[in-house]
Amino acid sequence: RDTMSLPALPSGNIPERESIFGFEEVSLLGLKLIMTITWKITLDEADVGDMVAIFYGEPFTSIRQLDWSYTSASCDPTVDAALCKTQGPDAVPWASRKFEIHSAGPGTYSAVLFTKKRRMRIRGEVWVCVNGRIRDRDGTPVNCPPDTGQAVMTTGIHPCPQGEFSFDGNPPCTKCPSGEFQSELQQTSCAPCAKHTYSGVRGSVGAAVCTPCVEELPG
């Protein structure tokens, strides 16, 4: 089968800061891509809230998240994907997870790991789906399936939503302060309300929430 192999894991003691993350294997089943992701971080950095996800497109700019899972979840996404959205009792610093993903068509697929303790997204390998790049379960080279139109997921490792921002447009995100708003996804700042208008609500989505200021008359 056509696979993307990770570097061989050393035997014996593993250096404290060595890490591994990316696509271990990719194959085709009908119009679905079967992708196995492997991760390894140090135990002191691992948390039950860590997540791994697969995006279509570049990992830090794409908003099309195809699937995700808590690394601590005890599950098989190809059997019951819902279980993978429930945190397990213990952090899992080193493991693999198999995803069954509806094809998003030819192009780049990216693996992303979110580490809760470090509060950052880590880019893994990217895998490019082109004609003859993958093999089906019988080992026959096949063309990349067409886009099945899977929607963007709003849970998991998603970009900052409307009304929020961060230094790079990705989680962890902060709600827009009072007097500001943001109507776009994945933004690095919020826009102030127009002159003589104001919004007293944090996390405002659009300019429509900014209302004219009320001038207090002398008592």
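What follows is a talk about the labels and the values behind them.

Modeller: This is a predicted model, so local features need pLDDT of at least 70 and side-chain atom pairs count only at pLDDT 80 or more, while totals for chains, interfaces and linings use all residues. Residues are numbered from 1 along each chain as its sequence is written, and side-chain values use heavy atoms, with hydrogens and water left out.

Colleague: How many helices and strands are there, and what makes a run of residues count as one?

Modeller: The chain has 0 helices and 15 strands. Both are DSSP runs, numbered from the N terminus: a helix is H or I with at least four residues, a strand is E with at least two.

Colleague: What makes E6 and E7 a pair?

Modeller: Two strands pair if DSSP finds at least two bridges between them. Strand E6 (residues 107-115) is joined to E7 by 8 bridges, and the two run antiparallel. Thr 108 stands opposite Val 128 in E7, and Leu 113 stands opposite Ile 122 in E7. The hairpin of E6 and E7 has 4 residues between the strands, and Arg 119 there takes a positive phi near 50°.

Colleague: Which strand does E6 pair with over 6 bridges?

Modeller: That is strand E3 (residues 51-56), again in the antiparallel sense. Here Met 51 stands opposite Phe 114 in E6.

Colleague: What is the order of the strands in the open sheet, and why are some called edge strands?

Modeller: The order is E4-E3-E6-E7, with antiparallel pairing. Strand E4 (65-70) and strand E7 (120-129) are the edge strands, as each pairs on one side only. From one strand to the next the twist averages 15°, taken between N-to-C directions of lines fitted to C-alpha atoms, on a scale from 0 to 180 degrees.

Colleague: Why is E6 said to be largely enclosed?

Modeller: Because 9 of the 9 residues of E6 are buried. Buried means under 20% relative accessible area, exposed over 50%, and partly exposed in between (1.4 Å probe, protein chains only). Of the 219 residues of the chain, 43% count as buried.

Colleague: Is Ser 103 buried or exposed?

Modeller: Ser 103 has 0% relative accessibility, so it counts as buried. It is found in the loop between strand E5 (94-102) and E6. Leaving out residues up to four places away in sequence, Ser 103 touches several residues, including Leu 31, Tyr 109, Pro 145 and Asp 147; contact means heavy atoms within 4.5 Å.

Colleague: And why is Leu 28 called buried?

Modeller: Its relative accessibility is 7%, so Leu 28 counts as buried. Leu 28 lies in strand E1 (residues 20-29). Neighbours within four places aside, its contacts include Ile 134, Arg 135, Val 142 and Pro 145. Its C-alpha atom is separated by 9.4 Å from that of Asp 138, 110 residues apart along the chain.
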